[in-house]
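Hi,

Here is the structure I said I would pass on. Have a look at it first, and then read on for what I found in it.

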Amino acid sequence: MANPGYGKRSAPDQRPRTGHDFAHLLARDAAVAAYIDGLCDGADISVKTLAKVLPYGQCALRTSLNRLQEAGHLRRGSECVATEEALLWVTRTFFSRTARDDEWWAAYTRGDVPQTPQRPTRSRSFILLAALGGTAPALTLSERNCVTLEPRVSEWFERGATEAEVMCALTQGLPVKVYNPVAFVGRRLLDKLPPARVAPAREVVLRTLECSECRAPGSPEALRGGVCGRCRGNPGDTPRGPAGAVPVQGVRARMSAVRAGLVPRSERTPR
């Protein structure tokens, strides 16, 4: 495991695992990706650590990680973590079993993850009603009954209720005999309808990505495939900031020059 707060972080909204998740990759890259995919969040996936458990050298592993980045499975960056004492920026490697394009990673960096379109299926409300008989056999409903009551359950969900809360409201304190399950469930859904809940404030995400070659931070739009324009051989793609801005690589040198030019207070000439 990496130090607390560091290491692998799994990207959200991924498809279920299958036997051909990494079939589009080269054999070595697929093996490395499958190994990382099986690790828990927070695991140390540095090149040195991977070389200790995988049959590849550090150079080969570094190449494979760069290829995973190009394929959309991996991004390197930093994230702000709140501790009891302060806000701390930590280095993380974000991994996605599902390959993502640059636009998706840009949205993820902003904290606005686009949802993957799902195949049309039964609604959340219908599924709960269909499963009701498994918890309380006396409330077993037909398909037609589920369709009839579906809008009422959906109203519960729109007000912030969870599946467990709906199920508890329908099954607690059942009478000895339920003669008309559809009428009984419909009555409970109406009588026990909860008030609308206030939606929680959206969490502010502080996250940035960096170039895998020079480690310079940059906007997701500038880091195509996780590499900045300068390292891709196209300096024009690298944002230069306002006129007179110091390049990222020259900040330390500029600060050293400024410090060297400062005159100690004891040597200043009074005016």
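Confidence first, since this is a predicted model: among the elements of the chain, helix H8 (call it the best bit) has the highest mean pLDDT, at 95, while helix H9, residues 251–261, has the lowest, at 72. For the chain as a whole the mean pLDDT is 83, with 80% of the residues reaching 70 or more.

On the overall layout, you have nine helices and five strands in the chain. Going from the N terminus, the elements run β-α-α-α-β-β-α-α-α-α-α-β-β-α. The chain has 271 residues, and 34% of them are buried. If you take the contacts between residues at least 6 apart in sequence, 61% of those join residues at least 24 apart.

Back to H8, which spans residues 181–191. Which of its residues are buried? Pro-181, Val-185, Gly-186, Arg-188 and Leu-189 are. These residues cover an arc of only 165° around the axis, so they sit on the same side of H8. As for what lies over them, the cover includes helix H5 (124–135), helix H6 (143–158) and helix H7 (163–171).

Next, an arginine to click on: Arg-97. You'll find Arg-97 in the loop between strand E3 (87–95) and helix H4 (102–110). Is this arginine buried or exposed? Arg-97 has 12% relative accessibility, so it counts as buried, the cut-off being under 20%. A polar atom of its side chain lies 2.4 Å from the backbone oxygen of Arg-15. Beyond its neighbours within four places in sequence, Arg-97 also touches a run of other residues, including Gln-14, Pro-16, Arg-17, Asp-21, Phe-22, Asp-37 and His-73.

Phe-22 from that list turns up again among the aromatics. How many aromatic pairs does the structure hold? There are five. In one of them, the rings of Phe-22 and Phe-95 have their centres 6.4 Å apart and their planes at 50°, which makes the pair tilted. Phe-22 is in the loop between strand E1 (7–10) and helix H1 (27–38), whereas Phe-95 is in strand E3, so this pair ties together parts that are 73 residues apart in sequence. Both partners are tucked away: Phe-22 is buried at a relative accessible area of 9%, and Phe-95 is buried at 1%.

Another pair is Trp-105 with Tyr-108, whose ring centres are 5.8 Å apart with the planes at 80°, so that one is edge-to-face. Both residues lie in helix H4, three residues apart, or about one turn of the helix. Why does that spacing matter? An α-helix has 3.6 residues a turn, so residues three or four places apart point the same way. Trp-105 and Tyr-108 are both buried as well, and together with Phe-94 and Trp-104 they form one aromatic cluster.

Arg-122 lies over the face of Phe-126, 4.1 Å from the ring centre. Arg-124 has its charged end over the ring of Phe-157, at 3.8 Å from the centre.

Cheers

Key:
Residues numbered from 1 in each chain as written. Heavy atoms only, no water. Helix = DSSP H or I, 4+ residues; strand = E, 2+ residues; numbered from the N terminus. Buried < 20%, exposed > 50% of the residue type's maximum accessible area, 1.4 Å probe, protein only. Polar contact = N/O pair within 3.5 Å; in protein donor to acceptor, adjacent residues only side chain to side chain. Contact = heavy atoms within 4.5 Å. Phe/Tyr/Trp six-rings, centres within 6.5 Å; stacked < 30°, edge-to-face > 60°. Lys NZ or Arg CZ within 6 Å of the ring centre and 35° of its normal. Arc of directions from axis to C-beta. pLDDT = per-residue confidence, 0-100.
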